[in-house]
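The following account leads through selected backbone and surface features of the structure shown here.

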Amino acid sequence: MDHATVALLGLVLLFGLMIVGMPISFAMLLGGLLGNAYLLSVGAATHLLATNVWDQFSSYGLSVVPLFVLMGQFAYRSGATERLYQAAHTWFGRLPGGLAGTTIAASAGFSAICGSNSATAATMGTIALPEMRRYSYDPALSAGAVAVGGTLGVIIPPSVVLIVIAVQTEQSLLALFLAGIMPGLLLTLMFMLTVVVMCIRRPHLGPAAPRTSWSQKWRSLGGVFETLTLFLLVIGGLYFGFFTPTEAGAAGALGALVIGVAQRKLSLKGFRDAIGETLRISSMVILLITGAVLFGRFLTVSRLPFELADWVITLPVSPTLILFAVVMIYLIGGALMDALGFLVVTLPIFFPLAQALGYEPIWFTMLLTIITTMGAITPPVGVNVFIVNGLVPDISLATIFRGVAFFGLAYVGCVAAIWAYPEIVLWLPKVLMG
């Protein structure tokens with residue numbers, strides 16, 4: 001059996017194992033182990049398994065993952081999210097659909113210290129959904145705003161997904177962080193504009209909140225200061241060379257801890273919960289990377305990614321059409337499985353293809369990240385939708401999916417803008433990194 005056929009059978013096995021419920025990381029470990037055993041030898045396969053597990057779990061570079069997760073946990077347990085929401089509410093609550101717009105703006109702010117879509121959705125939903133219910137907001141709009149706001153956690157730095165991609169594809173983490181800022185802000189503004197337009201046309205969807213004075217507005221900015229400080233500490237430290245990525249994560253985690261303790265908002269129980277949740281999330285992410293690396297080694301030995309790239313280049317179609325086909329694969333794949341899992345499984349195949357076609361790696365990475373992230377709000381998986389449904393079981397899944405559909409045009413518009421104007425992604429890294 002030729003190597004390419006073995007690789008295709010390995011992919012079939014991988015997706016089959018995931019369909020029957022095996023965790024993605026274990027499915028990739030098993031698929032990579034069996035594939036390497038067939039193409040190399042049993043001894044070589046077990047050696048690769050042992051060395052990969054050790055290399056990933058002892059990797060200094062991957063220590064950035066638990067540190068950034070810890071920063072977000074400390075900020076959340078200290079009540080930074082609630083203060084951020086109140087500040088956004090004070091400034092934007094008076095607009096049509098103001099509370100829904102507030103939820104999206106606060107989600108963007110929390111994403112800058114969290115890095116996770118599910119954590120952002122769960123956190124903002126806990127705070128925002130009761131408020132929107134109190135002001136008689138339409139259930140579909142309120143639940144939809146929480147779910148789509150959560151997706152910003154994957155795009156706006158310090159995104160855990162971007163950290164994993166940087167490690168896997170050997171790209172600059174700072175460059176990917178900078179590349180995510182403009183698309184994240186653009187998507188945030190398009191979400192908020194969607195809310196305003198909908199509520200102008202149908203005011204009953206989101207009644208405006210009571211008016212606030214300018215003095216209240218300025219006082220509320222204290223709730224933004226700590227989040228902005230942490231964001232500037234991390235990104236500024238990376239940019240000016242004060243920190244390596246790991247040191248930036250440590251500085252951010254320490255900063256969040258100091259802010260929480262100084263304000264007497266972080267209890268001993270909150271500290272313990274933050275540590276426990278950080279360990280759980282970090283172990284899951286690093287094990288996922290370990291499986292992806294082992295399965296990627298199997299694909300590399302089979303040479304399937306390179307043969308695919310060579311074959312595609314010879315096709316009598318334009319690179320744009322090929323990229324469109326790849327985008328559709330990621331759109332469907334993101335709807336069927338977790339965004340991070342799908343990216344780490346498929347990047348070893350499509351990243352070399354994009355390089356062979358001449359696409360800028362940072363731009364290609366951000367495009368696929370945004371498209372795959374849409375899967376967090378689309379059926380059948382839609383993890384953010386299920387999280388929101390868990391917070392408000394009386395709002396049906398069908399209602400929540402109807403709510404996120406309101407924001408579909410915003411996503412399409414953002415992707416189209418990035419496709420047509422790559423500088424939206426590339427301008428900031430070019431200006432700040434040369």
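Helices are DSSP runs of H or I with at least four residues, strands are runs of E with at least two, and both are numbered from the N terminus. The model is predicted: local features need pLDDT of at least 70, side-chain atom pairs count only at pLDDT 80 or more, and totals for chains, interfaces and linings use all residues. Residues are numbered from 1 along each chain as its sequence is written, and side-chain values use heavy atoms, with hydrogens and water left out.

Most residues other than glycine have a negative phi, and most peptide bonds are trans. Between helix 14 (245-262) and helix 15 (268-302), the loop contains R264, a non-glycine residue whose phi is positive, near 55°. R264 is exposed, at 78% relative accessible area (exposed means over 50%, buried under 20%, partly exposed in between, with a 1.4 Å probe and protein chains only). A positive phi, near 60°, also occurs at E170, in the loop that links helix 10 to helix 11 (173-201). E170 is likewise exposed, with a relative accessible area of 75%.

The loop between helix 9 (152-155) and helix 10 (160-169) holds P158, and the peptide bond joining P157 to P158 is cis, with omega about 5°.

On the surface, V317, L321, F324, M328, L331 and I332 make up a nonpolar patch. Members of such a patch have over 30% relative accessible area and no salt bridge, and nonpolar side chains (Val, Leu, Ile, Met, Phe, Trp, Tyr) are joined within 5 Å, like charges within 9 Å. A salt bridge places a side-chain nitrogen of Lys or Arg within 4 Å of a carboxyl oxygen of Asp or Glu. Together the six residues present about 500 Å² of accessible area, computed by the Shrake-Rupley method with a 1.4 Å probe, where for residues only the protein chains shown count as cover. I332, one of the patch residues, lies in helix 17 (residues 319-336) and counts as exposed at 51% relative accessibility.
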